Amino acid sequence: MTPQQQTAFASANNNALYEAITGALRDFIEAEVQNTLLLETQGEHRAYSAGRAASATDFLTELEWMKKQAEALAEKSQI
């Protein structure tokens, strides 16, 4: 993690932009999952929609992991 990333993610608590981005990602994931589960979605369209949901979930997980790591490093440096 770069120092710039650490600074950005350590201050993600109470950060409206971070919350808006992660909230939008969660909404997108939910919409893609719902689209995947529709009876009308079949074949490669279902696989495509599922892949989009999986990719967005991986990205959200990475953002959350980076936030936790940055917070841990910030806390460790204050000790």
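Phe9 is buried, with 13% relative accessible area. This value comes from a predicted model, in which Tyr18 is likewise buried, at 12%. Burial here requires a relative accessible area under 20%.

| Residue | Relative accessible area | State |
|---|---|---|
| Phe9 | 13% | buried |
| Tyr18 | 12% | buried |

A pair of aromatic rings is described by the distance of the centres and the angle of the planes. One aromatic pair is counted in the protein. It is formed by Phe9 and Tyr18: the ring centres lie 6.4 Å apart and the planes meet at 85 degrees, so the arrangement is edge-to-face. The cut-offs behind this assignment are centres within 6.5 Å and planes over 60 degrees apart.

Turning to the fold, the protein contains three helices and zero strands, and the order of elements from the N terminus is α-α-α. Its radius of gyration is 16 Å, whereas the globule rule gives 12 Å for 79 residues, so the protein is more spread out than a compact globule. Along the principal axes, the C-alpha atoms occupy a box of roughly 55 × 20 × 15 Å.

Of the 79 residues, 22% are buried. Considering contacts between residues at least 6 apart in sequence, 71% connect residues at least 24 apart.

Conventions. Residues are numbered from 1 along each chain as its sequence is written. This is a predicted model: local features need pLDDT of at least 70, side-chain atom pairs count only at pLDDT 80 or more; totals for chains, interfaces and linings use all residues. Side-chain values use heavy atoms; hydrogens and water are left out. Helices (H or I, at least four residues) and strands (E, at least two) are DSSP runs, numbered from the N terminus. The radius of gyration is taken over C-alpha atoms; the globule rule is 2.2 Å times the number of residues to the power 0.38. Buried means under 20% relative accessible area, exposed over 50%, partly exposed in between (1.4 Å probe, protein chains only). Contact means heavy atoms within 4.5 Å. Rings of Phe, Tyr and Trp (its six-membered ring) pair if their centres lie within 6.5 Å; planes under 30 degrees apart count as stacked, over 60 as edge-to-face and the rest as tilted.
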